[in-house]
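Student: I would like to go through the terms used for this model and see what each one rests on. Can we take them one at a time?

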Amino acid sequence: MNSEKTLKAIEAVSKVGIIPVVVLNDAGDAKPLGEALVKGGLPAAEVTFRTDAAEESIKILSREYPEMYILAGTVLTVAQVDKAVNAGAKMIVSPGFDPEIVQYCLANDIPVCPGTQTPSEVIAAYKFGLDHVKFFPAENAGGLPMIKAVGAAMVNMKFMPTGGINATNVREYLECEKIFACGGSWMVKSDMISGHDFAAIEAKAREAHEIVKEIRG
């Protein structure tokens, strides 16, 4: 059974609907990025631990925009879990299913959304008591037909597809009852961030927010 903290995390992510997946090379870009996403109607970000700026970026976003829901992505070790949570991340997301990370998060009441791709990985997550998982890389792993097929067998499981999701196909994903949110980077591309084109990010975030409103009300 999900803890109250995990239920609130799932509710928050589901409410935003489309989670911007962010790679920040410079923590100095975190504050204007957060402002653009909040103004655009997507008060959330999955900050990936692909760069050295991730931890500081999470700290800045959490401090400057308490209304944002900050997830830590590409978490590969327990040490990164601790860094992310101490920095202010409210959910841990990993690209694959790592039992050590899942067990650690559950033992410490840290909301976790591990990556899955196969029925076996989804079952492994289910055996840990999870009923919300990431599906990655979504398009390369069979996309929506794969999610529907696996979801038909795992009736209580819901998915957050990430990887290959964009403004063109996100509607179809969000219309599926097996999906609680989608992760995407089309509104926060690295060149847009490094080029400080935060007006474009805000505009694309607003477009994404409108898609969520259109489908979910």
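Predicted model: local features only at pLDDT ≥ 70, side-chain atom pairs only at ≥ 80, totals over all residues.

Student: Is Cys-105 buried or exposed, and what makes it so?

Tutor: Buried means under 20% relative accessible area. Cys-105 has 0%, so it is buried. Cys-113 has 1%, and therefore it is buried as well.

Student: Which residue touches Cys-105 and Cys-113, among others?

Tutor: Ile-92 does; leaving out residues up to four places away in sequence, its contacts include Cys-105, Cys-113, Ile-101, Ile-110 and Val-112. Ile-92 is also one of the residues with the most contacts inside the largest nonpolar core, together with Val-13, Leu-33 and Ile-201. That core has 78 residues. Helix α10, residues 198–216, gives the most to this core, with six residues.

Student: Why is Glu-46 called buried?

Tutor: The cut-off is under 20% relative accessible area. Glu-46 has 1% relative accessibility, so it counts as buried. Glu-46 lies in strand β2, residues 44–48. Apart from neighbours within four places in sequence, Glu-46 is in contact with Lys-134, Met-160 and Val-93, among others.

Student: What makes Glu-35 partly exposed?

Tutor: Partly exposed is the range between the buried limit of 20% and the exposed limit of 50%. Glu-35 has 36% relative accessibility, so it counts as partly exposed. Glu-35 is placed in helix α2. Its C-alpha atom is separated by 9.8 Å from that of Met-68, which is 33 residues away along the chain.

Student: How do the axes of α2 and α10 cross, and which residues make the contact?

Tutor: The axes of α2, residues 30–40, and α10 come within 7 Å and cross at roughly 35°. The crossing is right-handed. On the α2 side the contact is made by Pro-32, Leu-33, Ala-36, Leu-37, Lys-39 and Gly-40. On the α10 side it is made by Phe-198, Ile-201, Glu-202, Ala-205, Arg-206 and His-209.

Student: What classes of residue make up the contact of α2 with α10?

Tutor: It has seven nonpolar, two polar and three charged residues. Gly counts as polar and Lys as charged, so Gly-40 and Lys-39 of α2 fall into those classes.

Technical notes:
Residues numbered from 1 in each chain as written. Heavy atoms only, no water. Buried < 20%, exposed > 50% of the residue type's maximum accessible area, 1.4 Å probe, protein only. Core = buried A, V, L, I, M, F, W, Y, C linked by side-chain atoms within 4.5 Å. Helix = DSSP H or I, 4+ residues; strand = E, 2+ residues; numbered from the N terminus. Contact = heavy atoms within 4.5 Å. Axes fitted to C-alpha atoms, helices over the stretch in contact; angles between N-to-C directions. Left-handed = near helix turned anticlockwise from the far one by under 90°.
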